[in-house]
Amino acid sequence: MEKNRVDCYHCKNFIHPVFEEKGNLFSKITENEKCSLGKRIMLRVYEEPNKSDSWFRYCDEFNDK
């Protein structure tokens, strides 16, 4: 069986992070990103605030948006 290599960010099961809003700026994350199926999310974090992107990982339950 061939493994399915996917980007978590493009999955229907990906739950986006929730930020605390102060004025027009987002200051801190109140809830981290996660998978609704309980799978581990693979992320790379950039130095820019509020910017992150997921790494590719193997997942058999991937649902494309």
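Reader: Hey, how many helices and strands does the protein chain have?
Author: It has zero helices and eight strands. Keep in mind that this is a predicted model. Read along the sequence, the pattern is β-β-β-β-β-β-β-β.

Reader: Okay, and what share of the residues is buried?
Author: Buried residues make up 18% of the 65 residues in the chain. As for surface, the chain exposes about 5,400 Å², and carbon and sulfur atoms supply 49% of that area.

Reader: What about contacts between residues at least 6 apart in sequence, what share of them join residues at least 24 apart?
Author: That share is 48%.

Reader: Switching topic: how many disulfides are there?
Author: A search of the whole structure finds zero. Take Cys-8: the nearest cysteine sulfur belongs to Cys-59 and is 6.7 Å away. A disulfide needs the two sulfur atoms within 2.5 Å, so Cys-8 is in no disulfide.

Reader: And which cysteine sulfur is nearest to Cys-11?
Author: That of Cys-59 again, at 6.1 Å. Cys-11 is in no disulfide either.

Reader: Remind me, what is a disulfide anyway?
Author: It's a covalent bond between the sulfur atoms of two cysteines.

Reader: Got it. Now charges: how many salt bridges are there?
Author: The count comes to two. In one of them, Lys-34 pairs with Glu-31, and the closest N and O atoms are 3.7 Å apart. Lys-34 is partly exposed at 39% relative accessibility, and Glu-31 is partly exposed at 41%.

Reader: Which side chain meets Glu-61 in a salt bridge?
Author: The side chain of Lys-39 does, at 2.9 Å from N to O. Glu-61 lies in the segment after S8, while Lys-39 sits in the loop between strand S5 (34-35) and strand S6 (43-45), so this pair ties together parts that are 22 residues apart in sequence.

Reader: How exposed are Glu-61 and Lys-39?
Author: Glu-61 counts as partly exposed at 34% relative accessibility. Lys-39 is also partly exposed, at 32%.

Reader: What's up with Arg-57, where is it found?
Author: Arg-57 is in strand S8, which covers residues 56-58. This arginine is buried, yet it has no salt bridge.

Reader: Why no salt bridge for Arg-57?
Author: The nearest side chain of opposite charge is Glu-61, and it is 7.1 Å away.

Reader: Then what does the side chain of Arg-57 reach?
Author: It reaches the backbone oxygen of Arg-40 at 2.3 Å.

Reader: Which residues does Arg-57 touch, if we skip those up to four places away in sequence?
Author: The list includes Asn-4, Arg-5, Val-6 and Cys-8. Also among them are Lys-39, Arg-40, Ile-41 and Met-42.

Conventions:
Residues numbered from 1 in each chain as written. Predicted model: local features only at pLDDT ≥ 70, side-chain atom pairs only at ≥ 80, totals over all residues. Heavy atoms only, no water. Helix = DSSP H or I, 4+ residues; strand = E, 2+ residues; numbered from the N terminus. Buried < 20%, exposed > 50% of the residue type's maximum accessible area, 1.4 Å probe, protein only. Lys, Arg positive; Asp, Glu negative; His and termini not counted. Salt bridge = Lys/Arg side-chain N within 4 Å of Asp/Glu carboxyl O. Polar contact = N/O pair within 3.5 Å; in protein donor to acceptor, adjacent residues only side chain to side chain. Contact = heavy atoms within 4.5 Å. Areas by Shrake-Rupley, 256 points an atom, 1.4 Å probe, with all protein chains shown as cover.
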